[in-house]
Amino acid sequence: MSKKVYFCTNCRKRIDKVQNLLFVEESKRGFCSENCIVEFFSPYMEVFDHEELEFRHMAGLESSEVGVEIFQDRDLFDRVLYSPTEIWYEKNEIQEEYYTHILNFGDNNELYYIIICSYFEGEPSFVFFKSVTRSVNLVNMYRKLKRMDDKIISSETNLESFSEEVDGEEGDEALEEINLPAELVEDLELKKSEYLADFIERRKDDDIEIEKFLEYDQYLNLTLEDPDEEYLQKDDSGDEIMTFIKSFQMNGKSFFYIACCVKLTLNSMTEKVMIPVLTFPSMDSDLYKFYAVGEKKNGKLKS
């Protein structure tokens, strides 16, 4: 029996020549027709649609913010497909790869077009999901793991995933200085995403607006260098987390600044280093109580 016998991944139809198979990803899965491609990946598309609804619920958004005409704009779709503002990449445990394209557009750059797709031979191929939003908060939930331009969001930057200025350039320099291994950077980005999602779920609508977080950047170093309270605990992954809390006043209003840092020992260093995974301002006493847990420590963080 010839070894050159192929079957459609979806319908199992026999294909005599590999050239007659259609591929939409770098894996060995081939298909006999576009209909079979769509049918096979429909469950994946449903998961991404459901994920968006969950994200929108967490962000307090409606199920749709724009009209259907935006999705009918072919030129705009080509821009997000081939000339996006940023591209994010992740791979799961069975080596399935997903690419998230984000295009910032509009008269005042107030809109974000998001797609999740597969790649084949280095180019976007099959689109699993697409959405358009005005919410930076929602966009940040799709910024995952690793940017394709190698600008990893800094683990030392104050909630960059909440800002519109997610360049990562300063963070890259900081990470290069302490020479974090690539796999550790990915682990840190995953942890940041988990902490961020939990924070968004717990945050109250009447707390400090996320869009204003950048106005509080100046309080991060003050909190790390001279905290009112320090707590040490282990998270669900077994990592040591140091939480630094300091109270401030701004425009006549009192608030807490909270910084959750993972405590790591690097082979290249003799001392442990602190890398922030979640930092934010808040006026919510309940949120403060949630993060003010663990073994209370004394002393100041070394600069």
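Q: Why is Phe41 called buried?
A: In this predicted model, Phe41 has a relative accessible area of 1%. Buried means under 20%, so Phe41 counts as buried.

Q: Why is Tyr44 called partly exposed?
A: The relative accessible area of Tyr44 is 21%.

Q: Where do Phe41 and Tyr44 lie?
A: Both belong to helix H1, 3 residues apart, which is about one turn of the helix. In general, an α-helix has 3.6 residues a turn, so residues three or four places apart point the same way.

Q: What makes the rings of Phe41 and Tyr44 an edge-to-face pair?
A: Their centres are 5.3 Å apart and their planes stand at 65°. Rings pair if their centres lie within 6.5 Å, and planes over 60 degrees apart count as edge-to-face; both conditions hold, so the pair is edge-to-face. The structure holds 29 aromatic pairs. Ring pairs also link Phe41 and Tyr44 into a cluster with Phe31, Phe40, Phe48, Tyr98, Phe126 and Phe128.

Q: Why is the pair of Tyr219 and Phe255 called edge-to-face?
A: The ring centres are 5.1 Å apart and the planes are at 80°. The cut-offs are 6.5 Å for the centres and 60 degrees for the planes, so the pair of Tyr219 and Phe255 is edge-to-face.

Q: Which parts of the chain does the pair of Tyr219 and Phe255 link?
A: Tyr219 lies in helix H6 and Phe255 in strand E10, 36 residues apart, so the pair is described as linking distant parts of the chain. Both Tyr219 and Phe255 are buried.

Q: Which residues have the most contacts inside the largest nonpolar core?
A: They are Phe41, Phe128, Phe199, Phe255, Phe280 and Tyr291, in a core of 62 residues. Strand E10 gives the most to this core, with 8 residues. Apart from it lies another core, of 16 residues, among them Tyr113, Ile115, Tyr119 and Val132. In soluble globular proteins, nonpolar side chains tend to be buried together.

Q: How do you know that the buried residues of helix H2 are on the same side?
A: The buried residues of H2 are Leu76, Phe77, Val80 and Leu81. They cover an arc of only 135° around the axis, which puts them on the same side of H2. On the other side, Arg74, Asp75 and Tyr82 are exposed.

Q: What covers the buried residues of H2?
A: The cover includes strand E4, strand E5 and strand E6.

Q: What makes Asp73 a cap of H2?
A: A side-chain oxygen of Asp73 lies 3.1 Å from the backbone nitrogen of Asp75. A polar contact requires N or O atoms within 3.5 Å, and Asp73 caps the N-terminal end of H2.

Q: Why does Phe23 count as partly exposed?
A: Phe23 has 25% relative accessibility. Under 20% would be buried and over 50% exposed, so Phe23 counts as partly exposed. This residue lies in the loop between strand E2 and helix H1.

Q: Which residues is Phe23 in contact with, leaving aside its neighbours within four places in sequence?
A: Phe23 is in contact with Val18, Lys28, Arg29, Gly30, Phe120 and Ser125.

Q: How many helices and strands does the protein chain have?
A: The protein chain has 7 helices and 12 strands. Buried residues make up 46% of its 303 residues.

Methods. Residues are numbered from 1 along each chain as its sequence is written. This is a predicted model: local features need pLDDT of at least 70, side-chain atom pairs count only at pLDDT 80 or more; totals for chains, interfaces and linings use all residues. Side-chain values use heavy atoms; hydrogens and water are left out. Buried means under 20% relative accessible area, exposed over 50%, partly exposed in between (1.4 Å probe, protein chains only). Helices (H or I, at least four residues) and strands (E, at least two) are DSSP runs, numbered from the N terminus. The arc is that of the directions from the helix axis to the C-beta atoms. Contact means heavy atoms within 4.5 Å. A polar contact is a pair of N or O atoms within 3.5 Å; within protein, one must be able to donate a hydrogen and the other to accept it, and residues adjacent in sequence count only if both atoms are side-chain atoms. A nonpolar core is a set of buried Ala, Val, Leu, Ile, Met, Phe, Trp, Tyr and Cys residues joined through side-chain atoms within 4.5 Å. Rings of Phe, Tyr and Trp (its six-membered ring) pair if their centres lie within 6.5 Å; planes under 30 degrees apart count as stacked, over 60 as edge-to-face and the rest as tilted.
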